[in-house]
Amino acid sequence: MTFPNDSYPFHNAFSPIISTLFTGSALLLKPSEQTAFSTSYFVSIARSALSACGHSTNLIQCLTCWPNTANHLTSHPGIAHITFIGSRPVAHAVCASAAKSLTPVCVELGGKDPAVVLDDLSAHELEHRVLPILMKGIFVSSGQNCIGIERVIATPSAYSTLLPLLQTRIKNLRVGCPLEDDAIDMGACISSARFTHLESLIRSAVAQGAELLAGGTRYTHPNHPKGHYFAPTFLANITLSMAIAQDELFAPICLLMRASTTAHAIELANSTSYALGAS
């Protein structure tokens, strides 16, 4: 059984489908309620492929339900293995439920991935080589990427060079709907459920000395007022004591942190409870 999360619903559905079938097993998918329609559609493609190859379509099942119902599935003795992708709090609930029937669980949880930038790069390299990587790593999928960049940690010279570059680029990001306009840089988020929490974290950081240089709040799009848009956000002068430096944001928010030395940059990179990725 697998629980694909609401980011990358195609990849996170087909990856377990392929691996399960290649091991000669059957699979039950419980998609996020935020991506129930798309996951059901992707599963129908896989089931059609099974049928075309002469295999039973019953090998892959998709079951959409609310989280309070999923507990019945995770504790069911008929499930041989569970793969979960999502947050740590939900993972605790899944593992506790699976323990009732001693079902093994594999989890892939959130991240607070750092990108460490050192002073040995020239201003030209920072602008033309590093900046595009940072922008993509932070804002791809509107920041809804568990292995995306959440913290840019730069030593003094790199920090001073990156700050105006990031501010200009982030302020100029175009937000909209890609189905209607090719000239956009970022779309909507899957849900607005965390927007109030994000705004609270940003306000708290500013109160503690962070510099808000772009965005900072949800965005009401003139053509899509009901869309779940959050303005591309840039905060500088972020320190470890700020909650925003410790919590996974999963949003289009760039945090710039200053490190005094390479050793200090490594210390900052390792300062959270997350350990999913780094660059």
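The phi of serine 141 is near 55°, a positive value in a residue other than glycine. For background, most residues other than glycine have a negative phi. At 33% relative accessibility, serine 141 counts as partly exposed; buried means under 20% relative accessible area, exposed means over 50%, and partly exposed is in between, with a 1.4 Å probe and protein chains only.

Before I go on, a word on the model. It is predicted, so local features need pLDDT of at least 70 and side-chain atom pairs count only at pLDDT 80 or more, while totals for chains, interfaces and linings use all residues. Residues are numbered from 1 along each chain as its sequence is written, and side-chain values use heavy atoms, leaving out hydrogens and water.

Asparagine 237 is not a glycine, yet has a positive phi of about 60°. You will find asparagine 237 in the loop between strand 11 and strand 12, and at 31% relative accessibility it counts as partly exposed.

In what order do the strands of the open sheet come? The order is 6-7-12-11-8, five strands with mixed pairing, where two strands pair if DSSP finds at least two bridges between them. Strand 6 (113-117) and strand 8 (211-214) stand at the edges with a single partner strand each, so one side of each has no neighbour in the sheet. From one strand to the next, the twist averages 25°; for angles, axes are lines fitted to C-alpha atoms, for helices over the stretch in contact, and the values run from 0 to 180 degrees between N-to-C directions.

Now look at strand 11 (residues 233-236) and strand 12 (residues 253-258): they run parallel and are joined by 3 bridges. Leucine 235 has leucine 255, in strand 12, as its bridge partner.

Helix 5 (residues 123-139) packs on this sheet and touches strand 6, strand 7 (149-154), strand 11 and strand 12; contact means heavy atoms within 4.5 Å. The direction of helix 5 makes about 150° with that of strand 7. Helix 8 (residues 262-269) lies across strand 6, strand 7 and strand 12, at about 160° to strand 7.

On to the cores. A nonpolar core is a set of buried Ala, Val, Leu, Ile, Met, Phe, Trp, Tyr and Cys residues joined through side-chain atoms within 4.5 Å. The largest one has 30 residues, and Val152, Leu166, Phe234 and Leu256 have the most contacts inside it. Strand 6, helix 5, strand 7, helix 6 (156-171), strand 8, strand 11 and strand 12 each supply at least two residues of this core. Leaving aside residues up to four places away in sequence, leucine 256 touches a list of residues including Val152, Tyr159, Leu166, Phe234 and Asn237. Another core, of 23 residues, lies apart from the largest one, and Ile202, Leu255, Met257 and Leu268 are among its members.

Next, charges. The structure holds 5 salt bridges, each a side-chain nitrogen of Lys or Arg within 4 Å of a carboxyl oxygen of Asp or Glu. In one of them, lysine 112 meets glutamate 150 at 3.0 Å, N to O. Lysine 112 lies in the loop between strand 5 (105-108) and strand 6, and glutamate 150 in strand 7, so the pair ties together parts 38 residues apart in sequence. Are these two buried or exposed? Lysine 112 is buried, and so is glutamate 150.

Glutamate 125 and arginine 129 form another salt bridge, at 3.4 Å, N to O. They are 4 residues apart in helix 5, and therefore separated by about one helical turn. Glutamate 125 is partly exposed at 24% relative accessibility, whereas arginine 129 is exposed, with a relative accessible area of 53%.

Last, the cysteines. The structure holds 0 disulfides, a disulfide being a pair of cysteine sulfur atoms within 2.5 Å. For cysteine 146, the nearest cysteine sulfur, that of cysteine 106, is 13 Å away. Cysteine 254 has the sulfur of cysteine 189 as its nearest, 15 Å away, and cysteine 254 is buried, with a relative accessible area of 0%.
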